[in-house]
Amino acid sequence: MEQALRVVPDREEVLARDATYRDSNGDQSTAVDEELLRAARLNPLDSSVLMTLGLREEFRGHNAPAENDLVHAAEIDHQFKPAWTLANYYYRNGRPDETWPMIERILKLDPLGFDPAPVFALCWNQTSDASKILGLIPRTGHRPVQYLEFLMKTQRADEAFAAWPSALAAADSSNADDSAQMKAFADFLVSADRSSEAVTVWNQLVDRGIVRAGHLDPAKGISIADPDFRSPSLSSVFGWHVAEVSGVLTSAFSGSLRLEINGDEPESFQMLSTSAPVLSGTRYFLRWKSDGSRLSSPQDPGFSFVVTQRPGEPVMQCPPLLTPGNSTCGFVTPAGRPGQMSEARIDLRYARAQGTTRVSGTLQLSAVTVRPEVAK
């Protein structure tokens, strides 16, 4: 840098780069100030020089010239960094009336070019009024989805559900990132023990075409969104999650799930799973249709469903999947408030039964439902 300055002593970008480098390494000497002022005279439109000058003045307690430099930088450069630097200056100096307009300006930048999470965090550092912050989020573009992601990461379930309509309206269903965040919100609500809202969100995702499965309505006995595996491997809590297992090839086929097993599979493994929203204090029946006629052992006892209702609750081991004449498994959900909703996790597992060899061939599964017992 010193060699460059000897060659081109009046080149503004070289002066600015040298001064900002020295500043970032803690050089508070007047020589750096003089270099920055000289660069500012050579190019009054270099916002980085003005920001550096302003921050140096603030560090020394000279707030009036500091604010002048930072305001000037934000006036001549309408990108993220000058506005963000000025917003933080106002925040550090306890001036929320000036901070909020700068935050609003930042959030309206398109493209922003930076991760907006620190901007959202600054909002929450200033106020706990969720409606005030939500009112600053633009209704279009990618910002509503980004704000929803921030609220999920910071475990603000109430605020996230309030922000959900804006995020859903703004989401681009053809954008993989947007779709992933939308589906992740249902998972987030389930993890926050808000199953009823999660079902509402799921059904809205189905309506928007972001999730290609059926609606859920536990009160009417519809607790499995895709009983015939029309959309296996959905990356969302109420979709089927098909595990990748060595020696097992899984595919959807004519309204069923087909598992082709080559005989070299592990001795025990989980094949697929989903979560079923259920009502508290209710007896349910898990039912299915299976076809093992093309397996090496058509009635192999190693396949079975397992129902887990909550962490720490007992696990229900269903009868073997291929037991002749038996394709039903009953379970009772834990007691709770009338209409309270929770989830039952449904897993299909294989464990080689003692005295048998590893199975091979094709297993087909369809019509998997979870329905409440009908009162007589």
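Visitor: What makes Cys 318 and Cys 329 a disulfide?

Guide: In this predicted model, the sulfur atoms of Cys 318 and Cys 329 lie 2.1 Å apart. A pair of cysteine sulfur atoms counts as a disulfide within 2.5 Å, and therefore the pair of Cys 318 and Cys 329, at 2.1 Å, is called one. The structure holds one disulfide.

Visitor: Which parts of the chain does this pair link?

Guide: The pair links distant parts of the chain, eleven residues apart. Cys 318 belongs to strand E7 (residues 315-320), and Cys 329 belongs to strand E8 (residues 328-332).

Visitor: What is the handedness of the link between Cys 318 and Cys 329?

Guide: The link is left-handed, with -85° about the S-S bond.

Visitor: Why is Cys 318 called buried?

Guide: Buried means under 20% relative accessible area. Cys 318 has 4% relative accessibility, and therefore counts as buried. Cys 329 is judged by that cut-off too: its value is 3%, so Cys 329 is buried. Cys 123, with a relative accessible area of 0%, is also buried.

Visitor: How do you know that the length of helix H3 is close to the expected one?

Guide: Helix H3 (residues 30-42) has 13 residues. From its first C-alpha to its last, H3 reaches 18 Å, and the span expected at 1.5 Å a residue is 18 Å.

Visitor: Why are the buried residues of H3 said to be on the same side?

Guide: The buried residues of H3 are Val 32, Asp 33, Glu 35, Leu 36, Ala 39 and Ala 40. They cover an arc of only 165° around the axis, which puts them on the same side of H3. In general, an α-helix has 3.6 residues a turn, so residues three or four places apart point the same way.

Visitor: Which exposed residues does the face of H3 turned away from its buried side carry?

Guide: That face carries Thr 30, Glu 34 and Arg 41. The word exposed is used because the term requires over 50% relative accessible area.

Visitor: What lines the largest cavity?

Guide: The structure holds one cavity of 30 Å³ or more, and about 40 Å³ of space lies in the largest cavity. Its lining includes Leu 134, Ile 137, Arg 139, Tyr 147 and Ser 166. Helix H10 (143-153) and helix H11 (157-170) each give two or more residues to this lining. The largest share, three residues, comes from H11. By kind, the lining residues divide into seven nonpolar, one polar and one charged.

Key. Residues numbered from 1 in each chain as written. Predicted model: local features only at pLDDT ≥ 70, side-chain atom pairs only at ≥ 80, totals over all residues. Heavy atoms only, no water. 1 Å grid on protein atoms, 1.4 Å probe; cavity = no way out; pocket = protein on both sides within 12 Å on 5 of 7 lines; lining within 4 Å. Points joined across faces, edges and corners; volume = space filled by probe spheres on them. Helix = DSSP H or I, 4+ residues; strand = E, 2+ residues; numbered from the N terminus. Nonpolar A, V, L, I, M, F, W, Y, C, P; charged D, E, K, R; others polar. Buried < 20%, exposed > 50% of the residue type's maximum accessible area, 1.4 Å probe, protein only. Expected span 1.5 Å × (residues − 1). Arc of directions from axis to C-beta.
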